[in-house]
Amino acid sequence: MVSCYSFENSNSMTKPRTSYICQSCGYAVSKWMGKCPDCGAWNSIAEEPVRSSGSSDRPGAGISGSSAATAFHEVSSQEHVRFSSGLLEFDRVLGGGIVPGSLVLLGGDPGIGKSTLLLQAAELMQRDGKRLLYVSGEESEKQIKMRGDRLGIRPSHLFLLTETCLERILETIDAVQPAVIILDSVQTVFSEKLGSAPGSISQVREVATQFLLLSKQRSISAFLIGHITKDGALAGPKSLEHIVDTVLYFEGERYHSHRIVRTVKNRFGAANELGVFEMTNEGLIPVDNPSKLFLAERPAGAAGSVVIGCVEGSRPILVELQALVSGTNYASPRRMAAGVDPNRVSLLLAMLDKRLGLHLGGSDVYVNVAGGLTVDEPAADLGIVASIVSSYRNRAIAPDRVIFGEVGLTGEVRSTSQTPLRIREAASMGFKQCILPHNSLPKPEHQPDIELIPVRSVQESMEVLFD
Ligand code: TYD
Ligand code: MG
């Protein structure tokens, strides 16, 4: 891929040179085009001035600050002692706390709670005597203070800065010497050296790169807040994800009172980890029992509703899956899935048609995960099938049953990972029966207080559920 830096030739320049860069993938082309030849996005190419100096012109640039190689055994891993953000759920998505010198990107829709979460964490961290710098390019110091007052926080080691110029932010960091920096948001900050508009892909990348160098060289933990564009991508999306150590996204909708933060990438821990918060008048409160939250409004004894046992990262969560099968008014029936993969639903419908003789060609099928959670693990398959069959036959599934298992194309039920975790969660939430893949049945001595019903095929599980 051609990068904008390859056009560099400062000596021969008479007028500022420009190049055309796709704002969605960073691809550079020599003239304007309506469609990016690399990622295929329309209208994403913008003219940007070519910078005249290298991106790493700060003294001592380079992640470790030295250019000599070090023997593996001489590198101390002591630096990776984590400290807590003060919010357990936030620590969980970070892989067990904040690693000094890590660079974290927190993305999400506008108004979902990014600033609130980091301001709360900042306040809790400074209670341990850590110096923090909160840089905002969006809100004035007064606005941040007002939010802080609303959250009831009185920090003394927390410094606020309203600034959008990267060079001046770096100067302030030199002066304040914080242990943690929060940048709200990466899209509002610009480097004077680049000349292109804030939020453009080269600016966003430059800001992230400078923060990367800074965090690695001085062991400062940095949090970058990133906005998500309308189509669900961070502006300058993939180009930031590979620069930073950890990528966290706010998931779900802001119309729910709970907020889900998911780890998309983590160099210091497991990806796919999940943190659940509830947005209240006092800010975000960690939810330590998400199963309870997601099952709170479950209609007892309704056809089409089923509880499935999922594992997100290292955490088991029980969620309610709902399906609605109704006669269609369209020439081609509608298929809609929220919270599960629509392709997976189509595939399972085809399997039901072929293996169970359940012909849904004349029915609309809607599948939804209650509570706005996204479940993309295959263990949800058996639950999807069960909810569809339950709605189609108008037969409710007993409310004290939990179900999970991957379903293959021949209708076989395949084993799932971390089965004991799922069973334990179901037992602790008071469920009486668990329908699970035969191959995942744990050894008898490990069985908790719940009846386990192993199944080998979809056919068999439907008999258990409905006969
Ligand atoms: P905010 O953190 O400003 O969102 P972002 O930085 O992601 O754009 O959150 C704003 C929303 O959160 C706003 O709609 C109001 C709500 N909110 C509360 O409900 N309670 C609170 O204590 C706070 C501070 C915000
Ligand atoms: Mg904000």
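1. By the rule applied here, the count of cavities of 30 Å³ or more comes to 2, and it should be kept in mind while reading that the model is a predicted one. As background, rolling a probe the size of a water molecule over the atoms shows where empty space is left.

2. The largest cavity holds about 70 Å³ of space, and the residues that line it include Arg298, Pro299, Ala300, Gly301 and Ala302, together with Ile397, Ala398, Pro399 and Arg401. Ser305, Val306 and Val307 also belong to this lining, and strand E13, which covers residues 305–312, supplies the largest share of the lining, namely 3 residues. Sorted by class, the lining of the largest cavity has 8 nonpolar, 2 polar and 2 charged residues.

3. The second largest cavity holds about 50 Å³ of space, and its lining is made up of Leu94, Gly97, Ile98, Val99, Ser102, Val104, Phe223, Thr246 and Phe268. Of these lining residues, 6 are nonpolar and 3 are polar, while none is charged.

4. Helix H5 runs through residues 201–218, which gives it 18 residues, and the distance from its first C-alpha to its last is 26 Å, close to the 26 Å expected at 1.5 Å a residue. Because 14 of the 18 residues of H5 are buried, the helix is largely enclosed by the rest of the structure; buried here stands for under 20% relative accessible area.

5. Just after H5 comes serine 219, and this residue takes a positive phi of about 55°.

Technical notes. Residues are numbered from 1 along each chain as its sequence is written. Chains are lettered from A and ligands numbered from 1 in the order in which they are written. This is a predicted model: local features need pLDDT of at least 70, side-chain atom pairs count only at pLDDT 80 or more; totals for chains, interfaces and linings use all residues. Side-chain values use heavy atoms; hydrogens and water are left out. Helices (H or I, at least four residues) and strands (E, at least two) are DSSP runs, numbered from the N terminus. The expected span of a helix is 1.5 Å times one less than its number of residues. Buried means under 20% relative accessible area, exposed over 50%, partly exposed in between (1.4 Å probe, protein chains only). On a 1 Å grid over the protein atoms alone, a cavity is a set of points where a 1.4 Å probe fits but cannot get out, and a pocket is an open set with protein on both sides within 12 Å along at least five of seven lines; lining residues have an atom within 4 Å of a point. Grid points are joined across faces, edges and corners, and a volume is the space filled by probe spheres set on the points. Ala, Val, Leu, Ile, Met, Phe, Trp, Tyr, Cys and Pro count as nonpolar, Asp, Glu, Lys and Arg as charged, and the others, Gly among them, as polar.
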